[in-house]
Amino acid sequence: MNFKKITGLLGAGVLALSLAACGNGENEAGGKGNKELVVGASNVPHAVILEEAKPLLKKEGIDLKIVKFQDYVLPNKALESKELDANYFQHIPYLESQMKENGYKFENAGGIHIEPIGVYSKKYKSLDELPKGGTIIMSSSVADHGRMLSLLQQEGLIKIAEGVDPTTATIKDIAENPKNLKFKADVEAGLLPKVYQNKEGDAVLINTNYAIDAGLNPMKDAIALEGKESPYVNIIAVREGDKDKKEIKALVKVLHSKEIQDFIIEKYEGAVVPVSE
């Protein structure tokens, strides 16, 4: 092979590598490419909020790619396997329980909003109307049980045993149950709206993201709703050591911005409450 041909092939290879580098969106020398940030999210409200944040992140040189999930298990698996740079769907107690159960090395990059959990019923208009021996249907996610039971305790239906941390309480920790309510906790969280529509049980506890996704309005349709002081803040979760990355910090900053927080307030009218810590 002659020298000119070798030189031409080497030149073509260098050009191809240069084009590939531009296509990757890397911007080491102040180029025009944007950095891609891949975030997994529940359909509502998380993905909706992220869509609103896209143009703001674009101004920061970040192209946000949103991957939608319908359950609470796969987003953490995808984060661990590095298919995602971050996820936005879970509250702190759930993150902590998943890290403990699965050995995930994750961390909280920032709290974004609270979704007050609600009690829904097709049969009764208030919790006072629930009959003795009535059935309460809950998520099969044990990480949510303490939160749900705390709401029922707040409403005077049950009492959790003294000395038990409400955030980790389970059905067996119910010390007082004046109406002798029965608890069914074997339904996947995303199916609870369907259970409610089918008039199963006497009351159903539904996470707000699934309620909204199913066309319910928590402020109007729930017969009881968790207060705004809830400690169950939905967060941006990342792999350990990533929360100080430039792109992650920019994402959290944008989601804490007045523009996004005003959007959440206007869009969800109290069914989703923004936080800035």
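Visitor: In which hand does H2 pass H9?

Guide: In this predicted model, H2 passes H9 in a right-handed crossing. The axes of helix H2, residues 43-59, and helix H9, residues 246-255, come within 10 Å and cross at roughly 115°. Because angles from 65 to 115 degrees count as roughly perpendicular, H2 is described as roughly perpendicular to H9.

Visitor: Which residues make the contact between H2 and H9, and how many of them are nonpolar, polar or charged?

Guide: From H2 the contact takes in Ile49, Leu50, Ala53, Leu56 and Leu57, while H9 supplies Ala250, Leu251, Val254 and Leu255. Sorted by class, the contact of H2 with H9 has nine nonpolar residues, with no polar and no charged ones.

Visitor: How many aromatic pairs does a search of the whole structure find, and how is such a pair described?

Guide: A pair of aromatic rings is described by two quantities, the distance of the centres and the angle of the planes. Here a search of the whole structure finds six aromatic pairs. In the pair of tyrosine 104 and phenylalanine 106, the ring centres are 4.8 Å apart and the planes stand at 15°, so this pair is stacked, given that planes under 30 degrees apart count as stacked.

Visitor: Are tyrosine 104 and phenylalanine 106 buried or exposed?

Guide: Tyrosine 104 counts as buried because its relative accessibility is 6%, and phenylalanine 106 is buried as well, with a relative accessible area of 4%; the cut-off for buried is under 20%.

Visitor: Which residues do ring pairs link into a cluster?

Guide: Ring pairs join Tyr72, Phe89, Tyr94 and Tyr210 into a cluster.

Technical notes: Residues numbered from 1 in each chain as written. Predicted model: local features only at pLDDT ≥ 70, side-chain atom pairs only at ≥ 80, totals over all residues. Heavy atoms only, no water. Axes fitted to C-alpha atoms, helices over the stretch in contact; angles between N-to-C directions. Helix = DSSP H or I, 4+ residues; strand = E, 2+ residues; numbered from the N terminus. Parallel < 35°, antiparallel > 145°, perpendicular 65-115°, else oblique. Left-handed = near helix turned anticlockwise from the far one by under 90°. Contact = heavy atoms within 4.5 Å. Nonpolar A, V, L, I, M, F, W, Y, C, P; charged D, E, K, R; others polar. Phe/Tyr/Trp six-rings, centres within 6.5 Å; stacked < 30°, edge-to-face > 60°. Buried < 20%, exposed > 50% of the residue type's maximum accessible area, 1.4 Å probe, protein only.
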